[in-house]
Structures are given as structure tokens and as C-alpha cells.
Amino acid sequence: MSTKKLIRSTWSVGFLTMISRVLGLVRDKMLVVVFGASGVLDAWVFAFTLPNLFRRLFGEGALSAAFIPVFVEYRESGRAEDADRLAGSVVTIMTVLLSAVAAVGIGVCLLLPWIMPGQTAMLHLTAAMLPYLMLVCVAAVLSGMLQGVRVFSFSSAMPILLNLFMLVALWLIWRDMPDTQAERAAYLSDRVYWVAWSVVLSALVQCLVQIPALWLKNVRLRPHLGWSDEGFRRVLVSMGPMTLGLAVFQVNVFIDQVIAKALIPGEGPLTYLYLGNRLMQLPLALFGVAVATTFFPDLVSMTNKKEWRPLLDRIGMSFRFLAFVLFPATCGLVALAQPIIRMIFQEPDLVFTDADVYRTARVLALYAPGLFFIGVQQMMTRIFYAEGDYKTPVRITAWMVLANATLNIAFIYMPDLYLRWGWGVNESLKEGGLALSTSLVSAVTVGIMWHIISARLTEKCGRTLFDEMFGALPTSLVRI
């Protein structure tokens, strides 16, 4: 793709993502209005996290990242039939395997309440949403195929469907809400399943709407169990190490939630983490994910052709683009965290108390410094994958996940220094410490990755060209 077309595609992905995130913000507001910072919402957040983690790890993450380079290589070398066969194998085998995983998971969730009766609601909600695990991973791989033929809009538009389906379910629940508190508690415990079912239905629709788009791009999807095909074996071999390497941030977020559930007493910590993370991800998804999505096919193509100057130009452009947007976004989120949370979740109906506002704002303010590093990390991981190196990100990630878990336990007991309006004087950081740990680990990860990438690029293209292309980058970042 030309630079002009690439930037246009990036802005297009960013615009569609913005629509999705605005709807997601409305959705989160409705979740708080309907359920409050309650045990019911905590249960829903945890139940939604598990299948959503699979989507990021296997659908949008490892499987797509392993599949796209092989798919692009086949199509660009004139092997369209092999590319179609590979696509059919990936979708068919993933559907079978993830359906089995979902079925086993549902059985476990229905049996565990006998052992953990206090977590019955959370486990039953998880069981209700596990079919989403399979459907949304298939939808994400279909989006990856469209990205391979340089159609980026569908992958950005799919979350819009999820938000619309959830908003309809939440509106139906809110419309018939009982007046008395006693009736409301039982009503919400029952109706929260409507939200779970809306999530599953949205994933089914995402699969159905993308298949015609693939046919229009001459990608012929047919069921095929090509376990022994060369292309499928290449995808499978690449996929294992990619799982951790590409999804370190999501793994860390999941660990945050598990530790919050186990070590932070009272209701609400999962809700505060979820809402703070969602607001932090707004600028990240608008630009960080958009850059990584649109640049990746070109990185693969340029690396295969050994076009070093255009490759270095793409990498430098991505860093400057991310910094230009995410540096000021970080400053804004840190400075305005409390007014933002108060405006969205407290005014005018006082759904959140002042303590709820403060704890959510603290999470947002401590996640925000990691914005640029999380965005760059997604891009750097794809640079490794473009050159066929899947092991290095895994080694880095394994140590960083361990560091994150260790820092989590230490930071939740740190004194709270984020003091505003008298809140937090005698508190520990609690869930805010988990957000701070994630930001610090992301920064360290980027530093390690860049040290390795810069050494490799210098060796391949020569010190002169590397300095020419990246010499002004530090100054540019400082100016931004």
C-alpha cells in the first residue's frame, strides 16, 4: 500500500473504532445505571473476561497474527487456491476445537457450584457466555482474512454490533425495572443473563455478515480439515509462541482481575478495574490498534522482499503517529480522570458514590501512563512476527507476566499518593496498584524489545541507513 492509502486506512479504522468505543462508553454507562457497582456487575465482568480473553489471544491475537503472513504470502505469489484452502482449514478446525473447549467449560461451570456455592452466579454467567468464545474467535479470524486482502473496515466495525446488541438488552432490562429495592435485586440477578445472551447473539451475527464480504474479494471459504497441509502446519507452529507474545497486556489485565477478586475485600474492585481499563483503551483502540492492524500486512510484505528503507520508514512513522496522539491523551486522562468519571458515572443520577468515582479515577490515572508503551508494544511484537521470529517475544513476555504478578501483590498494599479532595488519605492503592503495575511492565517490555529490534535492523540494513531513518526519532518524540 502507498503511504497515503495506508494513512487513509488507519484513519478509517480509527474512525470506526471511535464509533464503537463511544457506543461502548454508552454501554458501560448503562451497565452502571442498571446494575450499579454491585456483586451482580462484578460477576458479569468476570464472566465476560474469560471468553473475551480467548478472543484476544486466539482470534485477534495469536491465530490472526500467525495466519495473516501465510495467507498474504500465498495470495501475493499467485496461489489463491492454497490461500482459500488454508482459510477453510483454519475456520473449520478452530470451530471444532473451540466448540469442544466451550462445551467442556460449560460442564465445569455447571458442576463447580457444588464445590464453590458462593460463586454460583459468576459461574452460571460464565457458562451462558462460553459459546461466545467460539463464535467471536471465528469472527476475528474472518476479519483477519479481510485484513489480508487489505479490507480493514470490517474488523473495526464488528465491535459496533456487540455494543448495539448489549444496549438493546440493557434497555429492555431498564425499561421494566421494579421500584422497590428488594424486588430489584432478584430481578437483576435474573435479567443479567439477557446481557450474556445478547453478547453470544452479536458474535453469531459478526460471523454471518463477513462471509459475503470475503466472497466479494474472491476468498472462497469451504469446510476443510487440512491438518496435514503445509500452510496450516506453519500457522500451527507459529501460533503457540505467539499466544503469549502478542497478548501480554490482556494476560496482565486478566491476572489483575484474579488478584483483585482474591485479595481486595468488598464489592466493586472488578468494576473499577473494568471501567478504568475501558476508558484508557479508548485512545489506545482508536490509534494503537489501528496502526498495528493496518501496518502489519505491509510489514510482512516488505520483510519478505527485504525492502529495508520502506520498512524502516513504516516503523518510524508508526512510532511518531502513536506518540503524536497518545502522549497528550495520557496527560489528559491523568489530569481529568476524576471529572471524567464523575460526569459519566455519577452525574446527574448519582449512580456512583464519591468513593466509587475516586477509585475508578485512580485506576484510570494509573493505567494512562502505559498508553504509549502498550500501543508501541503491539507494533513491536508484529515486527518480530513479520520476520518469522515467534520465540523472542515469548521469552520477554514470560518474564514480564511474572514481574506483573509480583508487582501486583506488592502495589495493592502501597500507600495511596493520588490524593484529591480528601479521598484516599488512609488507603492503600488497592486496584489502582494493579493498574500501575501494568503500566510499568509495559514500559519495561518496550525498552527490551526496542533494544533487540534496533540491533537486528542495524545488522540487516547497515548502521548508515538505520541512523538516517531513526536518528531524528528521539528528538521528534521529545518535541511531541
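This report walks through a few local features of the predicted model shown above.

## About the model

Because the structure is predicted, local features are reported at pLDDT of at least 70 and side-chain atom pairs at pLDDT 80 or more, while totals for chains, interfaces and linings use all residues. Residues are numbered from 1 along each chain as its sequence is written, and side-chain values use heavy atoms, with hydrogens and water left out.

Let us start with helix 1, which spans residues 3-35 (helices are DSSP runs of H or I with at least four residues, strands are runs of E with at least two, and both are numbered from the N terminus). Phenylalanine 15 sits in this helix and is partly exposed, at a relative accessible area of 47%. Here buried means under 20% relative accessible area, exposed means over 50%, and partly exposed lies in between, with a 1.4 Å probe and protein chains only.

The structure holds 3 cavities of 30 Å³ or more. A cavity is a set of points, on a 1 Å grid over the protein atoms alone, where a 1.4 Å probe fits but cannot get out; lining residues have an atom within 4 Å of a point. Grid points are joined across faces, edges and corners, and a volume is the space filled by probe spheres set on the points.

The second largest cavity has a volume of about 70 Å³, and its lining is made by Arg21, Gly24, Leu25, Asp28, Arg278, Leu279 and Leu282. Helix 1 and helix 9 (269-305) are the elements that give two or more residues to this lining, with the largest share, 4 residues, coming from helix 1.

## Threonine 49 in helix 2

Threonine 49 belongs to helix 2 (residues 39-76) and is buried, with a relative accessible area of 13%. Beyond its neighbours within four places in sequence, threonine 49 is in contact (heavy atoms within 4.5 Å) with Phe254 and Gln257. The C-alpha atoms of threonine 49 and methionine 129 are 9.9 Å apart, although 80 residues separate the two along the chain.

## Salt bridges

The count comes to 13 salt bridges, each a side-chain nitrogen of Lys or Arg within 4 Å of a carboxyl oxygen of Asp or Glu. One of them joins arginine 27 to aspartate 28 (3.3 Å, N to O), and both of these residues are buried.

Glutamate 387 pairs with arginine 456, their closest N and O atoms being 2.6 Å apart. This pair links distant parts of the chain, 69 residues apart: arginine 456 is in helix 15 (residues 431-461), and glutamate 387 is in the loop between helix 13 (371-386) and helix 14 (391-411). Lysine 460 also forms a salt bridge with glutamate 387, again with closest N and O atoms 2.6 Å apart. Lysine 460 lies in helix 15, so its pairing with the loop residue glutamate 387 ties together parts 73 residues apart in sequence. A network of salt bridges links Glu387, Asp389, Arg456 and Lys460.

Conventions
On a 1 Å grid over the protein atoms alone, a cavity is a set of points where a 1.4 Å probe fits but cannot get out, and a pocket is an open set with protein on both sides within 12 Å along at least five of seven lines; lining residues have an atom within 4 Å of a point.
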